[in-house]
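Colleague: Before we discuss this model, please show it to me. I will then ask what stands behind each term.

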Amino acid sequence: MTTDTTIISNPKQNTDISELKPELSDIGLVRPDHSKNVFIDWLTTVDHKKIGLMYGTLALFFLLVGGLEALVIRTQLAVPENDLISAQRYNQLFTMHGTTMIFLAIMPLNAAFFNFLVPLQIGARDVAFPRINAFSLWAFVAGALVVNFGWILQALEAFGLFSASGPTAGMNDFVPAMGWFGYAPITGKEFTGAGTDFWIMGLQILGVASISASFNFIVTIINMRAPGVKMMRLPVFTWMTLIVSLLIIFAFPAITIALAQLMFDRVFGTNFFSVAGGGQPILWQHLFWIFGHPEVYILVLPAMGIVSEVLPTFARKPLFGYAIVVFSGAVIGFLGFAVWSHHMFTTGLGKIATAAFSLLTMAIAVPTGVKIFNWVGTLWGGKIRFHAPMIFALGFVWMFMMGGFSGIMHSSAPADAQQQDSYFVIAHFHYVAIGGILLAIVSGIYYWLPKMIGRMWQGKLNIWVGILTVVGLNITFFPMHFLGLLGMPRRTHTYLSGFGWETYNLVCTIGSYILAFGVLLLLVDIIRCFRSKIPAGNDPWDARTLEWATSSPPKVYNFAQTPIVNARDAFWADKYGPLDRKMGMVDESHGIHMPSQSWMPLIASFGFIPLGLGMSLMQAGVPYAGYTAILGLVILVLGIALWAIEGPGGYHLHPNKQSH
Amino acid sequence: MKKLKALRIWLMSILGLIPLIFISGCNLNTRMSTFVTKGPVAETQLDLFMLTVWVTGFIFLAVGGVYVYVVIRFRDKKGDENIIPTQGHGNPLIELSLIGISILLLVIIAVPTLQGIWYTHDVPDDESSLLGSWYSHGDISDAAKEEPFIIRAIGYRWWWEFEYPQLGITTANEFVIPAGRPIHIELRSVDVIHSFWLPKIAGKVDLIPGRANSMWIQAGDSKEAWIEKNNFSGSDSETQLAYLKYLEDEIYDYYYGQCAEYCGDSHARMLFRAHVVSDDRFYSWIDRMKTGHTKAPDDMNWDNWYQAYDQSPETLTGDINEGLKLFMGRAKCATCHVVKGNPRAVGVAGPNLTYLAERHSIAAGWLNHRNEDNTVDKKAQLANFIQWIKHTDDVKPGNLMWKAKGGGIGELQPLLNDEEIRKISLYLQSLQ
């Protein structure tokens, strides 16, 4: 049933590693390899699995932060003319809720799965550039810190430890409050303060993190597949990772340019978006959405990939129409660049452009629908086992469908004129984001966490997580369709009574608390899984893809011997298929070359913190801010230079020495 | 049994939606409902929306139905643990036909969408849409006769200005339009992006600084469209009567609108109103707005009043005179506000206050004093004026009337006291 690759046991192996001594790098420093200190080990790691786990942990933290922001928003809106929080605070909260959820929660959650799974699914030992991988992680941390820096200042202000006076008088606000898509000209310095600068610099840094990670995955997937893992044998999740990485590389430059222009407008007084100087605010919207719409697919395609892995496993059937699912993913990615102006139907595009974007938006519904048909087709004739991952994946299909339908409603531009910027839109994209993406991610967590930590879920808490999140999200967001159609605009910190919005708002608020409780239970369940005594075993779900062929958690080298793959669902074929489709093994008796750990990615990316904060504070006229920025740049450059000249290093492991 | 339990969870979740649908079923006729349309633009938009609802509803039932069936039918039954289902990889014929059906269903939406885009984009290009074809009151230029009726909506943080360039009047936050007449709205912004949304009459279009956007609205059907729609046949006078009855019953009303694009601190408090009236009432409103307040308080003419104000202000007594003196003097209101007729109240930075007391709300629709019968609740109005002047920054955080680089009433030393605020409010209430 299983091959040798899965049951290699090597009692001497641990001692092997502990006997290894760190070497000196090319610049004469001791490499932080084989450290007994947990902090040093994790801070300098280049292991894609550890990096994936750190992405996941940070992202879950920011999911909580963003969720908390949403709860305050919903509490404020529970009753009309509420004055729980000020207008300014509300505006900060919805801005940071959107920014946090998109850039600091969902993207890194996806990155966590990419990191952990892609090398395992293609039978590789790590990503192509392990140190760049670490750099991406720490740059993400730096960016997250810069974006959220305003909250720290706000907290200090609340305790009377900081104020915008004296040298910091130019900072008339701390936290961004212009909406997560920051439409010019409200981002101009006559309308918003230092918060906007933190947001600009934070997103730039996050962009660096995303782009470097994406190149890494593209190179990994193209070049590091184990023998026999042809492109059309890649697991769908890996395919989606590849497509998403390409999307990031093509989409992020647009927002990078837009953010740079905005920064120049604010810091150096240029006129890209400032009307007084002849700039065009509408330019921002085009640049932003050329990034922003592909970004939607950057968020959702990994979710589709997860579901395309979970459904076949628990239906015990291959994915229906593999090629078409992959192809439609690519078509979605491609068309995603051609529909950006459907976010701008009310900006006066003119008849022709409106018509073109309307039709293209309808067109993108086709490949999306194809995926749903194929998921249903996958289930048809299967033996559906209702384990936790499957429950969430089935929920994903249903909820995503509902989000998709309101998407089709938006595609009709005249109808959208009533829906745009109303709560109808909020309902639509939260069905996609929570009902779609988040449920898929939860499904992925239930599916792969046993693989990641080697322990199995215990208890039946997952059923309650499922009930509460699904019921909660429907109670929260279904009434919002009606709120929007009854005329409630989004991003309003309060509303008058008498417009028929009171009941809906109260129901939404109650729903949001149910949803929040569901997410809390999920965290409890995750913690229980970490404390579980039940070993997961290599293959707890009777799964189909390569990552289940190795141990749980996988050893640092992933596979003791690189597998040779002879079928699409490689591990399934190995278990149940004919002899000629079973896996083989590459002879690696010469040992496995492992990359050395390094401080340099951490140092280089932490240069972004003074760089980002310095640039932000410079606009507000804070003294020495410019020098801080230069210091950050120096750290960054120095880190990268030392990284280059310290040499790759590396050491060899011999996991199979005993058995040979 | 575990499996059945899981199934039950999903059924429960789906059942949980049903009460929500019931809640939603009730009362779609609210102030800003897009379901109750009062004009051809909103009607086209609603028709398209309902079309998408039917088409997606059909897909939902079809796909969702199959989905639920599949999940129940192909669940793993007891004793099946070791049965491995057929490892089918797909069926191109099924795939292609499903893609074909999807495209077909989208075409059903696409064709009317294109028609809708063209129709809702601008005032219909025909004779009856020109101002000259219906405007039968006073002088308008020959050029204006060949244009549609134009209103210029200008967005400020956080209030609205409405100019009628062909008629030479300006008002703020509440504007008046005749029923059944197409109107070309020019959308302009002086600061950030706003969005003009009058849900019962038309979906929104943005006001973008540095960009000349426009849209068209029409409250109620034109007579010709109404006749056609209702297949009405009768003599001219019968038709006229029936049409007027339709306007009377369904169209003449007070409509609620709001800014729909986030524009800063008080975005939530940037509302506006449209008062849809008959041609005759519209003409008389225009006349009043054109002439403005020809008399100063106590029926004095303005020259005499200002002579007194300049030379012996103490002779001007009474709350209203005192209020106007503050308005012109210490409170500096006239620096930013126009009150048509008053020769020295000519500031243009703030809302035009001509006949302010006849409006049903102040502070861009946030503070309301409208009775059900469309009269003004005088008591509430006074309270609103007082609240607005006293707590400007709470009612509308961040606004320029409170703080404007030394020009705001929040920067007065000392602040206006309660007595002064009451007098100014009484003066404002006399603007009717």
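Predicted model: local features only at pLDDT ≥ 70, side-chain atom pairs only at ≥ 80, totals over all residues.

Modeller: Residues are numbered from 1 along each chain as its sequence is written, and chains are lettered from A in the order in which they are written.

Colleague: How do you know which residues of chain A are in contact with chain B, and how many are there?

Modeller: Two residues are in contact if their C-beta atoms, placed from the backbone, lie within 7 Å. By that test, 86 residues of chain A meet 83 residues of chain B. On the chain A side, α10(A) gives the most, with 15 residues; helices are DSSP runs of H or I, at least four residues, numbered from the N terminus.

Colleague: What makes a residue on that side nonpolar, polar or charged?

Modeller: Ala, Val, Leu, Ile, Met, Phe, Trp, Tyr, Cys and Pro count as nonpolar, Asp, Glu, Lys and Arg as charged, and the others, Gly among them, as polar. The side of chain A that touches chain B therefore divides into 51 nonpolar, 28 polar and 7 charged.

Colleague: Why are 131-278 and 292-429 of chain B called domains?

Modeller: Their bounds come from an automatic or database domain assignment, which gives domain 1 (131-278) and domain 2 (292-429).

How values were computed. Helix = DSSP H or I, 4+ residues; strand = E, 2+ residues; numbered from the N terminus.
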